[in-house]
Amino acid sequence: MKLIDSFRNPVTRPRAIIWTGTILAVLCMVIVVMFAASSSYWFCAEVCHKVQDDAISAYNRSPHNKVNCLACHIPANDGPIGFTIHKIESLPELPMAIFNTYSLPLNAEDGVALSGYVMPSTQCTQCHDLSKRKVTPSAGIIINHSVHSENNISCTICHNRVAHNESGDWTPVNNDPQTKKLSTKHDDFSTMDGCFRCHRLADDGIAASTPFTASGECKTCHPASFKLKPASHDAANFLSSMHGKLAVVETKRVEEATQEAKSKVIDEKSAKTREGAAVKDVPSIREVNSCYTCHAKKFCEDCHGGVVMPHPEGFLNTHKTEATEHLAACTSCHGVQGCTTCHHSDTNVPGYTYDTKKSWLSQHNIAAGKAGTASCFKCHQSTYCAHCHVTGLVN
């Protein structure tokens with residue numbers, strides 16, 4: 001009230017105007033300095049985001065390391081009001097830095113990159129004008145950016161680590177204050193698994209539906225001269241022993257990732273985009289089975305004589321039927337010894353002890369004599385035995 005009275009009094013009014021103006025000027029200067037300081041690399045790296053040294057380290061080795069952080073993390077062409085709102089929205093993160101209640105890595109699920117609301121394509125096209133820019137993809141890659149932009153696919157849905165490069169020999173540098181463990185790398189959406197969140201084979205094993213279904217054929221993304229066969233497939237023992245083990249590990253990993261994805265609550269706001277794309281429907285990169293980026297799921301079954309591969313849960317309870325119908329397929333991987341270990345041992349044939357130093361073929365007649373030939377037909381069709389015993393291959 002005294003301030004108002006000062007303005008009403010002709011004697012004190014000039015002094016009130018001067019002091020009010022001075023206070024407002026100082027306040028404006030403080031706000032401008034605070035806004036300028038909090039928008040600098042120093043503030044982001046040493047104050048605000050000191051909690052995520054790994055992200056700063058990744059930024060420093062990226063091709064964007066001379067670009068101010070706010071150029072990407074403040075909406076393009078945003079005015080003073082939007083800029084101020086962004087600063088206010090960031091305040092709740094301050095206590096995490098002060099009291100060490102954050103966890104690493106920050107933005108663990110790449111919600112920033114996946115949200116066109118937070119990171120629309122205009123964040124990139126304000127500098128990168130694709131109508132004038134010559135795109136130089138990696139050797140052996142065909143990319144049509146126009147098709148992606150026409151379908152409202154934000155740039156960072158593919159290029160999520162372009163400004164925070166964690167590839168190569170990059171290693172996290174900060175400890176999680178909660179677990180005291182090193183931070184972990186984020187998923188890289190520019191890998192082939194990342195592409196197959198949208199580019200899909202008709203039978204790729206991913207149950208989740210998505211509006212982003214593009215062709216998964218090799219020619220869509222690779223020229224005819226590109227070597228499609230991975231280096232791992234060139235190993236001498238790849239078919240004989242490696243590929244099955246790798247497939248089992250990959251299937252288990254994908255199953256666990258799918259269950260984890262189902263348990264997560266989707267933030268509708270972060271899933272919303274300014275360009276209309278429902279990115280929440282894109283499968284997690286961890287749900288992509290690397291085997292099915294080249295081979296349709298049925299490819300494995302066709303090669304294994306119709307047997308479901310890898311064997312599903314509970315297969316041991318039904319495998320007798322599979323073995324009867326697809327014996328050749330079973331023995332192609334497990335060999336006769338695979339069956340012998342469990343089914344031709346002395347625990348299954350009373351009075352008979354399996355001699356592991358001899359082949360099963362040389363002693364199977366002893367087991368058949370002890371158990372009776374009818375027991376053979378529990379697994380084998382009669383024609384299986386007749387192939388040798390009737391055709392004259394054996395006496």
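Cys-291 is partly exposed, with a relative accessible area of 29%, on a scale where buried means under 20%, exposed over 50% and partly exposed in between, computed with a 1.4 Å probe and protein chains only. The model is a predicted one, in which local features need a pLDDT of at least 70 and side-chain atom pairs count only at pLDDT 80 or more, while totals for chains, interfaces and linings use all residues. Residues are numbered from 1 along each chain as its sequence is written, and side-chain values use heavy atoms, with hydrogens and water left out.

The cysteine sulfur closest to that of Cys-291 belongs to Cys-300 and is 6.7 Å away, too far for a bond. Cys-294 is likewise partly exposed, at a relative accessible area of 36%, and its sulfur is 5.6 Å from the closest cysteine sulfur, in Cys-218, which is again too far for a bond. A disulfide is a pair of cysteine sulfur atoms within 2.5 Å, and the structure holds 0 of them.

Of its 395 residues, 27% count as buried. Where contact means heavy atoms within 4.5 Å, residues 24 or more positions apart account for 64% of the contacts with a separation of 6 or more.

Which residues of helix 4 are buried? They are Asp-53, Asp-54, Ala-55, Ile-56, Ala-58 and Tyr-59; because 6 of the 8 residues of this helix (residues 53–60) are buried, helix 4 is largely enclosed by the rest of the structure.

Among side-chain arrangements, the charged end of Arg-197 sits over the ring of Phe-189, 4.1 Å from its centre, the rule being that NZ of Lys or CZ of Arg is within 6 Å of the ring centre and within 35 degrees of the ring normal.

Confidence deserves a separate look. The protein averages a pLDDT of 78, and 85% of the residues score at least 70, pLDDT being the predictor's confidence in each residue, from 0 to 100. The highest confidence is in helix 11 (residues 192–195), at a mean of 91, and the lowest in helix 14 (residues 268–271), at 48. Over residues 268–278 pLDDT stays under 50, and for this stretch the model has 26 contacts beyond four places in sequence.

Note on methods:
Helix = DSSP H or I, 4+ residues; strand = E, 2+ residues; numbered from the N terminus.
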